[in-house]
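This note is intended for a colleague who is meeting the structure for the first time.

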Amino acid sequence: MTRFIHDKFAKDYLEELLKDYGEVKASEKVSGEIKEIDVLFTPAKQQSSNLQILGLLGRFAEQPAIIEPYRNPASTDEICDCILKLLEVKALLRREAKANKTKLQDSEIPKLWILTPTISETRLSSFGTMQKATWLSGVHFLPDALRTAIVAIHQLPQTPETLWLRLLGRGSVQSQAIIELQALPLDHPYQKATLELVYNLRENLRVNQELEADDRELIMRLEPLYQRDREQAKEEGRQEGRQEGRQEGEQDLIVRLLNRRIGEIDASLIEQIKGLSIEQLENLGEALLDFSSVADLENWLNQQSI
């Protein structure tokens, strides 16, 4: 199921964006019948002014937050399950405060943000949602006591402030966000890391045999960007005028892709990669798309020495 591939991407992506601003726990288990929170975020005590760079997502991270991203439109039952997770977390915090003989402050209770690519007006109405004047369109709040909002990603305005949430959308919404991501300045603090996560998503989808139309479109959208980035890395090496610089750039790119694809590789394998020619590195860049374990890399390297 490609849904699990997208779920992992969403968790890794949100952790990458939020880790500089507080504690991020992915797949956090809660009591009762075993449930998992996709992302539980606790802000750092010293708020960073850089949080504004994340736009609307940054506003979510100004206070403790539970973030539940959905690849497919969130159903009524799924929304109810998210609210139940929030209530269980609140109950746990109340028990801890009582045990510590302290008073639980509202500011300590997470707010729940349910991210759904689309949602019908009928479903929103069934939860009694409302929009607030101080928030962007597409953010629908449940009654205040529930501390919950449903974020309809397809309704968010196409502005830089919403970019980091629209990347978790579907179809044309996600495709447009990827174009905007690629157009960000190269020195943007999250452009490079996010593109690597997106390229890793592309690689994981490519090996899946049961792709939905949206996923096939996503792969097609990412292919020229991926190839362009690879060519750009090569061109930067050529412009430096040094074969060594070009080779090191290719090596770094290959190692980063391998780490994303099959996990951290050890120093001995990195040394073997550094011994490859430019042509071999380019061949490895294509071959690694089919790797699923370190053993695949080891077999490929052994074949080069035959």
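The model is a predicted one.

1. Overall composition. The chain contains 12 helices and six strands. Of its 306 residues, 47% are buried. Among contacts in the chain with a separation of 6 or more, 61% are between residues 24 or more positions apart. The accessible surface of the chain is about 15600 Å², and carbon and sulfur atoms contribute 49% of that surface.

2. How are two packed helices described? The description rests on the angle between their axes and the distance between the axes. Both quantities are given for the two pairs that follow.

3. Helices H11 and H12. Helix H11 spans residues 278-287 and helix H12 spans residues 294-304; their axes come within 12 Å and cross at roughly 150 degrees. Because angles over 145 degrees count as roughly antiparallel, H11 and H12 are roughly antiparallel to each other. Their crossing is right-handed. On the H11 side the contact is formed by Gln-280, Asn-283, Leu-284 and Ala-287, and on the H12 side by Leu-297, Trp-300 and Gln-304. By residue class, this contact of H11 with H12 consists of four nonpolar, three polar and no charged residues.

4. Helices H6 and H7. Helix H6 (residues 171-182) packs with helix H7 (residues 191-206) at an angle of about 140 degrees, and the two axes are 10 Å apart. H6 is therefore oblique to H7. The crossing of H6 and H7 is left-handed. Which residues meet in this pair? Ile-178, Leu-181 and Gln-182 of H6 meet Gln-191, Thr-194, Leu-195 and Val-198 of H7. The residues of this contact of H6 with H7 comprise four nonpolar, three polar and no charged.

5. Leu-195. One of the H7 residues in that contact, Leu-195, deserves a separate remark. Is Leu-195 buried or exposed? With a relative accessible area of 5%, Leu-195 is buried. Not counting residues up to four places away in sequence, Leu-195 touches Leu-181 and Asp-229. Leu-195 and Asp-229 are 34 residues apart along the chain, and their C-alpha atoms are separated by 9.7 Å.

6. Gln-251. This residue lies in helix H9, which runs over residues 243-262. The relative accessibility of Gln-251 is 9%, so Gln-251 counts as buried. With its neighbours within four places in sequence left aside, Gln-251 is in contact with Ile-273, Lys-274 and Leu-281.

7. Glu-36. How far apart in space are Glu-36 and Glu-68, C-alpha to C-alpha? The distance is 9.9 Å, while the two residues are 32 residues apart in sequence.

Key:
Residues numbered from 1 in each chain as written. Predicted model: local features only at pLDDT ≥ 70, side-chain atom pairs only at ≥ 80, totals over all residues. Heavy atoms only, no water. Helix = DSSP H or I, 4+ residues; strand = E, 2+ residues; numbered from the N terminus. Buried < 20%, exposed > 50% of the residue type's maximum accessible area, 1.4 Å probe, protein only. Contact = heavy atoms within 4.5 Å. Areas by Shrake-Rupley, 256 points an atom, 1.4 Å probe, with all protein chains shown as cover. Axes fitted to C-alpha atoms, helices over the stretch in contact; angles between N-to-C directions. Parallel < 35°, antiparallel > 145°, perpendicular 65-115°, else oblique. Left-handed = near helix turned anticlockwise from the far one by under 90°. Nonpolar A, V, L, I, M, F, W, Y, C, P; charged D, E, K, R; others polar.
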